[in-house]
Amino acid sequence: MNLRQGRIGTRESVAMIGLAVLSKLLCQKLELFALNSSNVMWFTGAAAVLVAGIMFALCLYLLRDGGDLVSGLNNNLGRLGGSFFSLLICALLLFSAAQTMSSFYLVLTLYIYPNTNPLLLLALVALCAGVPAYMGLECVSRTARFFFPILIIVLLCLVIFPWRQYDASRLYPIAGEGFMRELAGGVPASVMYIDVIALAMLTVPLQGKKQVKRVGFWALSITFFATTLVLLAVSLTFSSGLLNEMVSPIYSLATNITMNRSHVRVDDYLMFLWIMCSALGIAFNIYLVSNVFCRTTGAGEIRPVVPLVCLLCVALAMLIQISPAFYKVAERFVSSYGYWIVLGPVALASLVAFVKRRRRPRAKEADA
Amino acid sequence: MKKLFSYVALFLSIGAALLSCGCQDARNIDDEAHVLALGIDTGKERRFKFSVQIPSQTASTATKGGFMIHSAEADSIYEAIDLINTSLPWRLNFTHLNLIAFSEELARQGYIEEFMRPSPRHLGFRTTCSVIITRDNASAFLDGMHGQNDINLAKQQRTWVLEPMKSALFPECTYMNLAESLTSPIYCALLPVGAVNINAEAEQKRKNETEETFSHRPEAPRWGVGEAVSEPPSERTELVAGETIRESVNTSEIMGSAILEHGKLVAELDASQTLVMMLARNQFNQGWYFYSDEGHSVADLKLARPRRVTVISQNPLKIRIEVFLKGDIEIGLGTDVFKDENRIARIESAVTQSIHGEMERLFGQCRELGVDAFELGKGVILNFATNKEWQSYNWIEKYKASELEISVDFRLNRYNVSNESAQTGKETKPLEGANQGSTTNEGKNEMPGGGASKDNIGGMEGGR
């Protein structure tokens, strides 16, 4: 097997995961936090991180015997079951990448290229994502490390600059549809943190479980703070009624920034970063899907698989565009139950691993 | 081979990045006409008449002050844009839009909501652009914004946006504020009112006939406010858009405000009422207050703290609103007003009571109209934990039967007193209780333009 993934440092990995999650969460799936009422979405995000944290902890538990998440699932659920669930997680990642691609394409057509052929746009996005994925994980992560601090700075600008338009009354009623109900509404949104869970599939390039743990913690923390702050800024700037009508609240937030007489052109920076982050996020997902596919099917070379996965992603993105009915069903399913696709197998495998571990000393004693 | 492949991949990614930066669908500056202001009137043949104000690349006889106005009647903004685009060598671009002007007639008929329903966000303008109501038709207002001299119109429009921070003669309202007022009962749009000044227009016409320039006219009248103050209250004129006494190449002006309910104009306020309304709505920052007290006639009001809204009882609804102001008094040379604490207290009391009375009057009239123009709902909603509780509360119905307790806290800065006391060793403290809304008004005080003497909101029916 010739998996050219290199060895990646902590900062690169945090940047890569951070970009993947933030580009998805803030630019495309902000409404996941606003299913019921958008004025409380800033604390709804906390529930999503909590569930993602639990999932990640379970993944780390599976890594105790060495190897990575794929081998952990294989060891505890059998090779067939493990491969099936690994591919299922990959399918979710692929759908997530296609969704990102599709939303990204939608934004491009709406704001930048209203007259361009959709196929050309999709091809462009696929090329932007496919080439780094083809070049390997190290390439993706090193590029991500360059862009991640810039994204954080732009997000901070988005939080600080619109302060004149903040109105605390927009956060009220503070509990939205009820505190527990809003928190429960945030649980399905944990599916957006699937990239953090996917870290556990990359123990080899991440140089072991310790680093995976460190990267996961930092990625979750940074994305949590960034998401909460931006969601809070959006909620303070726009009322619920306006938010429901917006295609991209974060873009609207960027365009609304004014400093005295002049508009501050944060939207241009945001758009550029959006393009880069989305491309890198999709590249990471494509690489991971190709990687796991190669390992579960025993394919020796990853490079021929990457373009195929990329094409599959484009096809899915096109299907989303062509068939709104398909997208509606698939999106609703993933938004509502997607987290079970990760949490279910991981929790099951962890339970089996726990039982096995409890039995092992007894078996040793019996042998003795 | 590996290196070659890497180079190919690198060039491909750079190429893709370049393409995604705008080589396709490039927008050349020569092909675009940046719209600075959009005017919307009721049409004669079609529903709306849209007017766009664009800067001209070359000043010619066809352009006035380097700007052009193009109009088209259509049922929607998109249709009008297409119509205008067909007659121009450029395509209209709204990304630099500063101002949207709705005519009063349109606003009165409730067409603003209709205009905003098929969200015009696809035009690409920023939702922070200003929105105003014009007493004349909107295209005439846009036309009056620039005279024959070259005025930097974009700068002028941006200056207008900042003006409410300094003078409180009219409020600031953005497209987003207006959209918000259409979606929630706790927001109420308070739009500035613009008009073509009848005096300035007449003067301009006369000047054109005699070919005199502005600088050659030493007898030019002062800005209307100052003159009105010297007159007895009963003889004063309201400070409303289009009727101020001034002379300028720019005949359009903005003054006062209009209250909209669900996109329909329900009342108009003059400048003085607007100041009090802005105070009550927490939109006030700074402004001049005119009163008469032994020769000292101007107070510079500044916001000391944001307003506070407290619910005293929910059933029946009783709300308390507290506004906190500080200010300076403009004194003449050689006066010793600050040495007399009683006189300072008298001035504070007079100003406080006038604001208190005007606020009370405005609240009563808004309550009768069933419009929460003070945006008290923003304070009341804090007492509700969930949306369900808030919706079942039925805010507007409760508001119509509510009572408001107003408290105005105004303190004058006492610079000279401090100096004096430093010399004499006396400690100076702000007077307690002298500046509450219930104190008696001994001084003769008035709002700018005689607002305090006005008994009712100048409603839609109010003639000019």
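Predicted model: local features only at pLDDT ≥ 70, side-chain atom pairs only at ≥ 80, totals over all residues.
Student: Why is A:Arg64 called exposed?

Tutor: The relative accessibility of A:Arg64 is 52%. Exposed means over 50%, so A:Arg64 counts as exposed.

Student: What makes A:Lys24 and A:Asp195 a salt bridge?

Tutor: The N to O distance between their side chains is 2.4 Å. The cut-off is within 4 Å, so the pair of A:Lys24 and A:Asp195 qualifies. A:Lys24 is in helix α1 (residues 10-28) and A:Asp195 in helix α7 (residues 194-198) of chain A, so the pair ties together parts 171 residues apart in sequence. Both A:Lys24 and A:Asp195 are buried.

Student: Why does the pair of B:Arg135 and B:Glu268, at 3.7 Å, count as a salt bridge?

Tutor: The value to compare is the N to O distance, 3.7 Å. That is within 4 Å, so B:Arg135 and B:Glu268 form a salt bridge. B:Arg135 lies in the loop between β7 (130-134) and α5 (138-144) of chain B, and B:Glu268 in strand β10 (residues 264-269) of chain B, so this bridge ties together parts 133 residues apart in sequence.

Student: B:Arg320 also forms a salt bridge, with B:Glu405. Why is B:Arg320 called partly exposed?

Tutor: B:Arg320 has 25% relative accessibility. Buried means under 20% and exposed over 50%, so B:Arg320 falls in between and counts as partly exposed. For B:Glu405 the value is 29%, so B:Glu405 is partly exposed as well.

Student: How many salt bridges does the structure hold over all chains?

Tutor: There are 20. A:Glu12, A:Glu138, A:Arg142 and A:Arg145 are linked in a network of salt bridges.

Student: Why is the pair of B:Phe50 and B:Phe115 called tilted?

Tutor: The ring centres of B:Phe50 and B:Phe115 are 6.1 Å apart, and the planes stand at 40 degrees. Pairing needs centres within 6.5 Å; stacked is under 30 degrees and edge-to-face over 60. B:Phe50 is in strand β3 (residues 48-55) and B:Phe115 in helix α4 (residues 111-116) of chain B, 65 residues apart.

Student: What makes B:Trp395 and B:Tyr399 a tilted pair?

Tutor: Their ring centres are 5.5 Å apart and their planes at 50 degrees, so the pair is tilted. B:Trp395 and B:Tyr399 are 4 residues apart in helix α14 (residues 395-400) of chain B, which means a separation of about one helical turn.

Key
Residues numbered from 1 in each chain as written. Chains lettered and ligands numbered in written order. Heavy atoms only, no water. Buried < 20%, exposed > 50% of the residue type's maximum accessible area, 1.4 Å probe, protein only. Phe/Tyr/Trp six-rings, centres within 6.5 Å; stacked < 30°, edge-to-face > 60°. Helix = DSSP H or I, 4+ residues; strand = E, 2+ residues; numbered from the N terminus.
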